[in-house]
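I'll talk through a couple of helices, then the ligand, then the cores.

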Amino acid sequence: MTTETPEAVSTPTPEHLAEEFESLFGYRPIGSFRAPGRVNFIGEHTDYNAGFVLPIAIDRAVYVAIGRRPDNGADGPAGDAAERQVDDAGNTGSVEPPRRGESIRIVSDHRDDTGQRMSGQFTAADLVPGTLPGWLSHPAGVVDEIAKTTGTVVGGVDLYIESTVPVGAGLSSSHALEVAVLIALDEVYDLGLDDREKVLLTQRAENDFVGAPTGIVDQAASIMTEAGHALFLDCRDLSARQIPFDLDAEGLRLLVIDSKVSHSHSESGYGARRRTCEESAAIFGVDSLRELADDVDLSELTEEQRKRVRHVIAENARVRATVELLGDNERATGDEHGARISAIGDLLVASHESLQHDYEVSCVELDVAVAAAMGAGALGARMIGGGFGGSAIALIHAHQVVQVGDAVTAAFAEHGYGEPDIFAVSAGRGAARFD
Ligand code: GAF
């Protein structure tokens, strides 16, 4: 099995990032910045319904080293130096010299199929939504939104990116990339954005430039969460409370089970769920499903609408209940403590069942992961994120790491699925300068 502790992931140092940056671009960066991925402990598909979420920032992150080209990127010494340095580093062709003075160059440590570092270059003034491929659209969306929101036109900068957030695992690697790029540019350009503005800006980058109709939980988790805490966020107005979340101190662990599958309908399925929620809210004449009472009469809805709304209302209640149980936990001792942890586990399972049967965003691999983890003694388990693939989490006692990991891996093998990646996460700190 592939169970790892968080320490097993090698975290880059600021000096390493600076050296890589210098070897690629031929000059020292101004600094580096770090934005974590997230695990949403509970509160799924509630964010775009103006509801409640309870994510943690995990101890895996996207790192960005940033520099302003000495000659502002015009053809000349810095461009030539960059090209020469790239040749010396044996990465010929991975970094283009800057095409125009105001261009933004980005190089990632991820490699493409030919073994070259993934890289790209664009100019703020030329950005058009939907024209940049894949991962590059995320930083480009941030640059575009900075221009629209603050009037600052970013240009003449280089960025080098490393990440310890697995891509495609549903741990919000692309939102972490957007946040890392934003906080780097915020400092370099002295944009003076507060946390709330950063959250909303990265959400608009995702919605309007990348074209994904996502909510706000992922960006908020990365930006607003304090180390050792979960973020109890009201997505209606972004008011938040930091909830102590120190699983180690409780003798517990939170496992991520990356199913390594992503089903093709994930994007269309997400958009369809969101539309159904909005249509249902309109039937009740409210702005969002958040406004509905827990016992609202759903009889005038279609069967599909009823199921979606039932999930959202119940999930909001589960988030509030989890927060109460976590708060009470601080005071609880002995049996009482055990009962509260077990009640939290039950809420996780109820969340999964609701996502599986009412919201219908789970998939067989995630259902198998949850069932196998529970069968091996987990306190609770559920799928996380948008669904249709990605990861599940399992809340377990510290001594169960191997037992639960082995059971899930064995269940995947029995079903003929590929081997999942399983690792423990803890509540890390939110995005910040890294040196
Ligand atoms: C994805 C989205 F990006 C979030 O905004 C949220 O809606 C989540 O799915 C489901 O809770 O991660």
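Let's begin just past helix α3, where Gly-151 takes a positive phi of about 85°. By helix I mean a DSSP run of H or I of at least four residues, and by strand a run of E of at least two, numbered from the N terminus. Before I go on, this is a predicted model, where local features need pLDDT of at least 70, side-chain atom pairs count only at pLDDT 80 or more, and totals for chains, interfaces and linings use all residues. Residues are numbered from 1 along each chain as its sequence is written.

How many of the residues of α3 are buried? It's 10 of the 14, including His-138, Asp-144 and Glu-145. Buried means 20 or more other C-beta atoms within 10 Å of the residue's own, exposed means 12 or fewer, partly exposed is in between, and C-beta atoms are placed from the backbone. The cover over those residues includes β3, β4, β5, α4 and α5, with contact meaning C-beta atoms, placed from the backbone, within 7 Å.

Next, α4. Its 16 residues reach 23 Å, close to the 22 Å expected. Because 14 of the 16 are buried, α4 is largely enclosed by the rest of the structure. After α4 comes Asp-190, with a positive phi near 50°.

On to the ligand. Around it sit Asn-40, Glu-44, His-45, Asp-47, Tyr-48, Thr-214, Gly-215, Val-217, Asp-218, Gly-385 and Gly-386, each with its C-beta atom, placed from the backbone, within 6 Å. That shell splits into two nonpolar, six polar and three charged residues. Here Ala, Val, Leu, Ile, Met, Phe, Trp, Tyr, Cys and Pro count as nonpolar, Asp, Glu, Lys and Arg as charged, and the others, Gly among them, as polar.

Last, the cores, meaning sets of buried Ala, Val, Leu, Ile, Met, Phe, Trp, Tyr and Cys residues joined through C-beta atoms within 7 Å. The largest has 111 residues, and Val-64, Ala-180, Leu-255, Ala-373 and Ala-394 touch the most other members. Strand β2, residues 52–68, gives the most to this core, with 12 residues. Apart from that one there's another core of six residues, among them Cys-277 and Leu-289.

Technical notes:
Two residues are in contact if their C-beta atoms, placed from the backbone, lie within 7 Å. The expected span of a helix is 1.5 Å times one less than its number of residues.
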